[in-house]
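Hi,

Here's the structure I promised to pass on. Have a look, and my notes follow below.

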Amino acid sequence: MNQMDILKKIIEEGGSCCWAKPAVCDACPLGKLKTKPDGSRMSCIEALNIQDMTEEQADARYKEVATRLLLDETIDNI
């Protein structure tokens, strides 16, 4: 599954990514949004700051960011 397919699936699932296996998480662009001071990547949970959100709120944030990233990529390809 490529990055675009992952974003599309997240959007289709209403922001949920409970279906994702570790290999999908490793390829997901949501897990590559920010880096820590030591240069390592933040997890998507850290990068999107959803630690204290309900599942519904977190799903809404995932969907919002996935939609934005997909649109950005589509525009870049035009």
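Aspartate 59 touches Gly14, Gly15 and Ser16, leaving aside residues up to four places away in sequence; contact here means heavy atoms within 4.5 Å. Bear in mind that this is a predicted model, where local features need pLDDT of at least 70 and side-chain atom pairs count only at pLDDT 80 or more, while totals for chains, interfaces and linings use all residues. Numbering runs from 1 along each chain as its sequence is written, and side-chain values use heavy atoms, with hydrogens and water left out.

Aspartate 59 sits in helix 4 (residues 55–77); helices are DSSP runs of H or I, at least four residues, numbered from the N terminus. Buried means under 20% relative accessible area, exposed over 50% and partly exposed in between, with a 1.4 Å probe and protein chains only. A salt bridge needs a side-chain nitrogen of Lys or Arg within 4 Å of a carboxyl oxygen of Asp or Glu.

Where do salt bridges turn up, then? The structure holds two. In one, glutamate 13 pairs with lysine 9 at 3.6 Å, N to O. Glutamate 13 is partly exposed at 38% relative accessibility, and lysine 9 is also partly exposed, at 25%.

In the other, the side chains of glutamate 46 and lysine 36 meet at 4.0 Å, N to O. Glutamate 46 belongs to helix 3 and lysine 36 to the loop between helix 2 and helix 3, so this pair ties together parts ten residues apart in sequence. Their C-alpha atoms are 9.9 Å apart. Lysine 36 also touches Arg41 and Met42. Glutamate 46 is partly exposed at 34%, as is lysine 36 at 31%.

Back to helix 4: its axis and that of helix 1 (residues 3–12) come within 9 Å and cross at roughly 140°. Axes are lines fitted to C-alpha atoms over the stretch in contact, with angles from 0 to 180 degrees between N-to-C directions. That makes helix 1 oblique to helix 4; under 35 degrees counts as roughly parallel, over 145 as roughly antiparallel, 65 to 115 as roughly perpendicular and the rest as oblique. Residues meeting there include Met4 and Leu7 from helix 1, and Tyr62 and Ala66 from helix 4.

Cheers

Notes: Helices (H or I, at least four residues) and strands (E, at least two) are DSSP runs, numbered from the N terminus.
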